[in-house]
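Subject: Structure for you to look at

Hello,

Here is the structure I said I would pass on. Please open it first, then read the notes below it.

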Amino acid sequence: MEQLDTEQVTKAVVALKQFLKKKQAQKSKQALVDENKTIQIIFTRITVPRNESLKAIPIKLPHNIRGDGEACLFVKDSDKDRIKAHLKDDPVAGLTKVMTIKKLKKNYSQFKDKRELKAAYGVFLVDDRVLPYVKSLVGKTFFDAKKQPTTVNVTGKKNISTHIRRVLGGTEMFLSPGPCFNVKIAHDGMDTADIVDNIIQGTKNILAHVPKGWKNTKSINIKVLTYN
């Protein structure tokens with residue numbers, strides 16, 4: 001097998017959406033907000049290379065899966081002017097705020113402030129060098145809302161805007177040391193055809209980063225990421 005069968009993928013997506021619709025109807029009286037559910041692809045490899053990298057790998061998708069709204073980028077204090085100057089010359093649609101770690105720590109230390117910040121933007125990005133600091137500063141509020149910042153590499157790049165556009169327009173994967181790894185590929189609020197496109201094209205792009213690609217792939221499954 002060197003590619004997924006479009007008809008089979010479509011049947012699987014239709015069945016999944018029907019299942020979610022029935023499940024949502026059963027608990028509609030309890031749910032105040034009908035949030036979109038994230039759809040993942042689960043890849044199981046036959047053999048696992050000894051050396052794996054846990055660094056995020058950007059994956060291009062034909063259809064955007066991220067939330068609507070403006071984007072905010074967290075950066076090192078010393079990098080703000082350089083990055084803002086680059087974005088002024090080559091603006092990224094939707095990216096409206098560049099915030100330093102110092103400002104994040106100073107202005108958003110209280111729970112209510114973090115909650116307001118979380119609600120102000122649809123997507124959060126972070127320079128991968130300062131991710132550990134940002135994770136501790138934004139806290140549980142962001143992670144419970146599934147708005148944890150997505151890493152970007154802005155270190156000395158001449159094509160910062162191009163890289164950010166690619167991240168905003170796609171997803172990311174992590175090659176874990178185990179046989180299985182998951183990749184967010186769509187959400188159930190998308191049109192069926194768009195979900196199918198993302199699964200088929202996304203799988204091709206993902207396996208391009210997996211040693212031996214299709215030949216080292218034991219199974220591919222889709223699932224819905226649910227939250228308690």
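Leaving aside its neighbours within four places in sequence, which residues is D127 in contact with? They are L73, F74, V75, K76, D79, V152 and V154, where contact means heavy atoms within 4.5 Å.

Before more of that, some background. This is a predicted model, so local features need pLDDT of at least 70 and side-chain atom pairs count only at pLDDT 80 or more, while totals for chains, interfaces and linings use all residues. Residues are numbered from 1 along each chain as its sequence is written, and side-chain values use heavy atoms, with hydrogens and water left out.

Overall picture

The secondary structure of the chain comes to 7 helices and 9 strands. Both are DSSP runs numbered from the N terminus: helices are H or I with at least four residues, strands are E with at least two. The average pLDDT, which is the predictor's confidence in each residue from 0 to 100, is 86 for the chain, and 90% of the residues score at least 70.

The chain has 228 residues, of which 41% count as buried. Buried means under 20% relative accessible area, exposed means over 50%, and partly exposed is in between (1.4 Å probe, protein chains only). Of the contacts in the chain with a separation of 6 or more, 81% are between residues 24 or more positions apart.

D127 lies in strand β5 (residues 123-127). D127 counts as buried because its relative accessibility is 0%. K76 is 51 residues away from D127 along the chain, yet their C-alpha atoms are separated by 7.4 Å.

The structure holds 6 salt bridges. A salt bridge is a side-chain nitrogen of Lys or Arg within 4 Å of a carboxyl oxygen of Asp or Glu. One of them joins D79 and R82, with the closest N and O atoms 3.4 Å apart. D79 is buried, at a relative accessible area of 11%, whereas R82 is partly exposed at 32%.

D79 also forms a salt bridge with R129, at 2.3 Å from N to O. This pair links distant parts of the chain: D79 is in the loop between β3 (71-75) and α2 (80-89), R129 is in the loop between β5 and α5, and the two are 50 residues apart. R129 counts as partly exposed, with 33% relative accessibility.

Another salt bridge is formed by the side chains of D90 and R165, at 2.6 Å from N to O. D90 lies in the loop between α2 and β4 (95-100) and R165 lies in helix α6 (residues 160-168), so the pair ties together parts that are 75 residues apart in sequence. D90 is partly exposed at 29% relative accessibility, and R165 is partly exposed at 34%. Salt bridges that share partners join D79, R82, D127 and R129 into one network.

The helices

How do you describe two packed helices? By the angle between their axes and the distance between the axes. The axes of α2 and α6 come within 9 Å and cross at roughly 80°. Axes are lines fitted to C-alpha atoms, for helices over the stretch in contact, and angles run from 0 to 180 degrees between N-to-C directions. Angles under 35 degrees count as roughly parallel, over 145 as roughly antiparallel, 65 to 115 as roughly perpendicular and the rest as oblique; α2 and α6 are therefore roughly perpendicular to each other. Where they meet, R82, I83, H86 and L87 are on the α2 side and I160, S161 and I164 are on the α6 side.

The 16 residues of α7 should span 22 Å at 1.5 Å a residue, and the end C-alpha atoms are 22 Å apart, which agrees. The expected span is 1.5 Å times one less than the number of residues. Buried residues of α7 include I195, V196, N198 and I199. The buried residues of this helix pack against α1 (6-26), β1 (38-45), β2 (57-60), β7 (170-173), β8 (180-187) and β9 (217-225).

One backbone detail

Most residues other than glycine have a negative phi. K212 is not a glycine, but has a positive phi of about 70°. K212 lies in the loop between α7 and β9 and is exposed, with a relative accessible area of 67%.

Regards
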